Amino acid sequence: MVVIRTVRAESDPGLDFGGIRTEFDLPEEFPAAALAEAQQAVSGDVDHADREDATALPLVTIDPLGSKDLDQALLVERVGDGFRVHYAIADLGAFVAPDGALDAEVRRRGQTLYLPDGNVPLHPPVLSEGAASLLPGQARPAVLWTFECGPDGEPREVLVRRAVVRSTAQFDYRGVQASFDAGEPHPSIEALPDFGRLRRARAADRGAVELQLPEQEVVATGDGDWELVIRPRADVETWNAEVSLLTGMAAAKIMLEAGVGVLRTLPDADDGAVEELRRSAQALGVPWPDGATPAELLAGLDPARPEALALFVDATRLLRGAGYTAFDGEVPEVIGHAGLGAPYAHVTAPLRRLVDRFATEVVLAVTAGEPVPGWLRRALPQLPGLMGGSDAVAGKVDRACLDQVEAWVLADRVGHEFDAVVLRADGNAADVFVAQPPVMGRCTGPDLPEGEWIRVRLVEADADRRKVVFERV
């Protein structure tokens, strides 16, 4: 970890993220009418009459440390030679009235935005961190998915319904990973590693593409400092994500069979993109086994090697064109997600992402044998535009925060030299990754060899423009 410097408003008010919030016009408060609706929903009793009582299930949550907006609770059991997976998702349909003031505001926001100094929530915290969050020890309305899976990890039966659940414990990824490493897992997730590994194997069989790129993160130390880090992904995060992906694929199948819904789509890469990746692999000295798909090639690479890192960056060309596709009556031409190798829908993070609530409501109506409500059918065509705009803002905000911190950490190191990996070269310039401190920036100079370590000198670190530039030594 690299400690940037102490950032305290009273001592250095310029080192904050207020400029980014202003630049992207991020909302600060919820409108009074939306807050009133949220408070009214919290004050009233959620109707449990038509919900299954699943409070006896020993569900647990696994999230980043300190999270309060808990979307999912999990229980994985071995049943014979297979598995039974219970997955409870926060039910926002119990709190957000269709076409009301709160619904209008969350449609405008699209998703929760995460900045280092605090998030911009999709829902008022009284919901997202309170009455709708699957906090431990609290009875909560949820959408409960149950998967009966065979020994190969594939679902043989899927059940989804509204329920009341009570999480028994709140865990974080690091703590859960430590419990597995010590051989002392919680009973509710003891079978998660075996199930997660099976699902990962199925993903490779489907041709799912995973790019193992360094994940930069800005974190607060708790005493007023910021840290810029590369966050390694624990195995438990991958296993947990596989349960979410399984749920999203099941939701997509249900909606496609019903001919109504909204999918997260990504078209297959064209032949040109694959050929470009082949040429990159050859130039980087990465062998491409005969008959191997791009997914198989990438899955076999060691992300610690510089040539692999460069090839992962080049492989982003395979994953262009992601979006949302709504349909009602006629199934669209593109229904798959090339990155996952299957049709897929967002349904597992409704506290943090707008589309999940609507897709979930479609699934609930279809599986109950009920007509999809008119308000929901009217909303579906709007969702791709709303989510596309929100995703674009979220991506820009994330990048701006990282660029800002990179400029801060390097501001007093202009002229210093660093070791860097060349990621993608274009003429006399390239994107490079500096390991210490973990920074991605632009580098100028001739003959910049992709996938190799070079020595670079910092020539610019402009905090006002959030710009960092290196040159080859």
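Arg 233 has a relative accessible area of 45%, so Arg 233 is partly exposed. Buried means under 20% relative accessible area, exposed means over 50%, and partly exposed lies in between (1.4 Å probe, protein chains only). This is a predicted model: local features need pLDDT of at least 70, side-chain atom pairs count only at pLDDT 80 or more, and totals for chains, interfaces and linings use all residues. Residues are numbered from 1 along each chain as its sequence is written, and side-chain values use heavy atoms, with hydrogens and water left out.

Arg 233 forms a salt bridge with Glu 210, and their closest N and O atoms are 3.8 Å apart. A salt bridge here is a side-chain nitrogen of Lys or Arg within 4 Å of a carboxyl oxygen of Asp or Glu. The two residues are 23 apart and link distant parts of the chain. Glu 210 sits in the loop between helix H6 (192-206) and strand E11 (216-220). Arg 233 sits in the loop between strand E12 (225-230) and helix H7 (235-258). Helices (H or I, at least four residues) and strands (E, at least two) are DSSP runs, numbered from the N terminus. Glu 210 is partly exposed, at 30% relative accessibility.

## Other salt bridges

The count comes to 39 salt bridges. One of them joins Arg 161 and Glu 52, at 2.8 Å from N to O. This pair also links distant parts of the chain: Arg 161 lies in strand E9 (residues 155-166), Glu 52 in strand E2 (residues 52-53), 109 residues apart. Arg 161 counts as buried, at 14% relative accessibility. Glu 52 is partly exposed, at 34%.

Arg 278 is partly exposed at 35%, and Glu 275 is partly exposed at 38%. Elsewhere, shared partners join Asp 99, Asp 103, Arg 107, Arg 357 and Arg 378 into one network of salt bridges.

## Strands around E21

Strand E21 (residues 467-472) runs parallel to strand E19 (residues 439-444), joined by three bridges. Two strands pair if DSSP finds at least two bridges between them. Thr 444 stands opposite Glu 471 in E21.

Strand E20 (residues 453-462) pairs with E21 in the antiparallel sense, over six bridges. Here Leu 458 stands opposite Phe 470. The hairpin of E20 and E21 has four residues between the strands, and Arg 466 takes a positive phi near 55 degrees there.
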